[in-house]
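Please open the structure in your viewer and keep the selection tool at hand. The stops below are arranged so that each selection leads to the next.

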Amino acid sequence: MELLVENRCFGGLHRRYRIASVELGGDTVVAVFLPPQALAGARVPALYWLSGLTCSDENFMQKAGAQRLAAQLGLALVAPDTSPRGEEVPTDPEGSWDFGHGAGFYVDASETPWSRHYRMHSYVTAELPALLETQLPITDRRGISGHSMGGHGALVCAMRHPGLYRSVSAFAPIANPSRCPWGRKAFGHLLGGDPEGWQAWDASALLAAGQGPLGPDGQPLPLLVDQGMADVFLESQLRPDVLESAAAACGHPLQLRRREGYDHSYFFVSSFIDDHLRHHAAALLCS
């Protein structure tokens, strides 16, 4: 871990590190906020945040306004990049913004040439926490959240790894990616042309199949999802109603809060981030 930047923030420290990732086949950047409790010698739980299309670690750390309450609660914040990057990493052959660099969709690609580098799922769920929990005062009490493509990633990470996380939430997640344009394009490249194989990376499909997220005690993890009703991507890309129907059908606890007048931006995220931090703290800080 090479320290690139360090900023004092609400009594804690915001840091950016460069990591040589095995899963991604090259260097990547991760941002970490360590609260004051960690600087005073305590080991603290961590909330992993997955950002959306075109974003990096900087969007969340600079725009969400999460550090103030995280410092009070004693939560570390971890924000990885949204894809592998570098000259050797292939990107959208059409040069579009919705796939490739900045848009890795948090899956493990199975198709060439993508499979060499696009392994964001294994990086986020295995390689990154193993490294940070060894090198920093962070415990294995983990929560996961995210926005848009990152909301999809957070839900799928929790659903595919029972017991790995103690809490999960999302803002405006791409809830049914196998049936929306963004997801079909990315999955077609990364996972191949058979939509049946995409279902293992679709939160609504996993939930409908009874594979809702479970905590370390084997009990269902309640889902907290906020969705802006003025979001221009609501109907065409996000499809929260499908996630809601899947949760109702299998009896998985879901609180889907429809926020009138809010859009897809970080103005929306910053308006409700404290609610999500408290949702995670209730699980991560309990004895």
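**Stop 1: the contact between α4 and α5**

Begin by selecting H121, V124 and T125 in α4, which meet V156, C157 and R160 in α5; contact here means heavy atoms within 4.5 Å. The residues of this contact of α4 with α5 divide into 3 nonpolar, 2 polar and 1 charged. In this scheme Ala, Val, Leu, Ile, Met, Phe, Trp, Tyr, Cys and Pro count as nonpolar, Asp, Glu, Lys and Arg as charged, and the others, Gly among them, as polar.

The model is a predicted one, in which local features need pLDDT of at least 70 and side-chain atom pairs count only at pLDDT 80 or more, while totals for chains, interfaces and linings use all residues. Residues are numbered from 1 along each chain as its sequence is written, and side-chain values use heavy atoms, with hydrogens and water left out.

Helices (H or I, at least four residues) and strands (E, at least two) are DSSP runs, numbered from the N terminus.

**Stop 2**

Step back to the loop between β5 (76–80) and α4, where P113 is found. The peptide bond from T112 to P113 is cis, with omega near 0°.

Next, select F105, found in the loop between β5 and α4. F105 has a positive phi of about 60° although it is not a glycine, and it is buried, with a relative accessible area of 0%. Buried means under 20% relative accessible area, exposed over 50%, and partly exposed in between (1.4 Å probe, protein chains only). Y106, also not a glycine, has a positive phi of about 55° and counts as buried at 1% relative accessibility.

**Stop 2: L75**

Move to L75, in the loop between α3 (67–73) and β5. Is L75 buried or exposed? L75 is buried, with a relative accessible area of 0%. Not counting residues up to four places away in sequence, L75 touches F33, P35, P45, A70, L277, A281, L284 and L285. A C-alpha to C-alpha distance from L75 to P36 gives 9.3 Å, although 39 residues separate them in sequence.

**Stop 3: helix α6**

Select W182, G183, A186, F187, L190 and L191, the buried residues of helix α6 (residues 181–191). Seen down the axis of α6, these buried residues fall within an arc of 105°, so they line one face of the helix; the arc is that of the directions from the helix axis to the C-beta atoms. They pack against α5 and α8. Just after α6, G192 takes a positive phi of about 100°.

**Stop 4: helix α9**

Finish at helix α9 (residues 240–250), where P240, L243, A246 and A247 are buried. Viewed down the axis of α9, its buried residues fall within an arc of 120°, so they line one face of the helix. On the other side of α9, A248 and A249 are exposed. The cover over the buried residues of α9 includes α5 (149–160), α7 (203–208), β8 (223–228), α8 (234–238) and β9 (254–259). Just after α9, G251 takes a positive phi of about 75°.
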